[in-house]
Amino acid sequence: MKKTYKIDVDCANCANKMEDAAKNTAGVKDATVNFMTLKMSVEFEEGHDAKAVMQEVLKNCKKVEDDCEIFL
């Protein structure tokens with residue numbers, strides 16, 4: 001399953017950090033952040049709950065960029 005989320009981030013480098021953090025989260029098959037459109041596309045692994053995984057993605061993104069936001 002693939003979903004797209006609106007994000008709020010200040011710079012392209014920060015967006016790259018968010019993308020890496022999302023990709024390294026359990027339950028995420030792939031993630032892409034588009035800084036120009038301020039959107040994050042996340043593809044989830046089979047059998048994982050998207051809401052629970054996105055809570056972990058948000059936590060991991062906050063660790064690398066504390067002023068970023070993902071609108072879940």
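**Ground rules**

I am working with a predicted model, where local features need pLDDT of at least 70, side-chain atom pairs count only at pLDDT 80 or more, and totals for chains, interfaces and linings use all residues. Residues are numbered from 1 along each chain as its sequence is written, and side-chain values use heavy atoms, with hydrogens and water left out.

**Entry: the cysteines**

How many disulfides does the structure hold? I found zero. A disulfide here is a pair of cysteine sulfur atoms within 2.5 Å. As a reminder to myself, it is a covalent bond between the sulfur atoms of two cysteines.

Buried means under 20% relative accessible area, exposed means over 50%, and partly exposed is in between (1.4 Å probe, protein chains only). Cys61 is buried at 0%, and Cys68 is buried as well, at 1%.

Helices (H or I, at least four residues) and strands (E, at least two) are DSSP runs, numbered from the N terminus. Two packed helices are described by the angle between their axes and the distance between the axes, so I looked up both.

Helix α1 covers residues 12-23 and helix α2 covers residues 50-64; their axes come within 8 Å and cross at roughly 140 degrees. The axes are lines fitted to C-alpha atoms, for helices over the stretch in contact, and angles run from 0 to 180 degrees between N-to-C directions. What do I call this arrangement of α1 and α2? They are oblique to each other. Under 35 degrees would count as roughly parallel, over 145 as roughly antiparallel and 65 to 115 as roughly perpendicular, with oblique for the rest.

Which residues meet here? From α1 I noted Lys17, Met18, Ala21 and Ala22, and from α2 Val57, Asn60, Cys61 and Val64. By class, that contact has six nonpolar, one polar and one charged residues.

**Entry: Met18**

Met18 sits in helix α1 and is buried, with 0% relative accessibility. Contact means heavy atoms within 4.5 Å. Leaving out residues up to four places away in sequence, Met18 touches both Cys61 and Cys68, and its other partners include Ile7, Val9 and Val33.

**Entry: Val9 and Leu38**

Val9 is in the loop between β1 (2-8) and α1, and counts as buried at 6%. Among the residues Val9 touches, not counting those up to four places away, are Phe35 and Leu38.

Leu38 is in the loop between β2 (28-34) and β3 (39-44), and is partly exposed at 23%. Most residues other than glycine have a negative phi.

Note on methods
Nonpolar A, V, L, I, M, F, W, Y, C, P; charged D, E, K, R; others polar.
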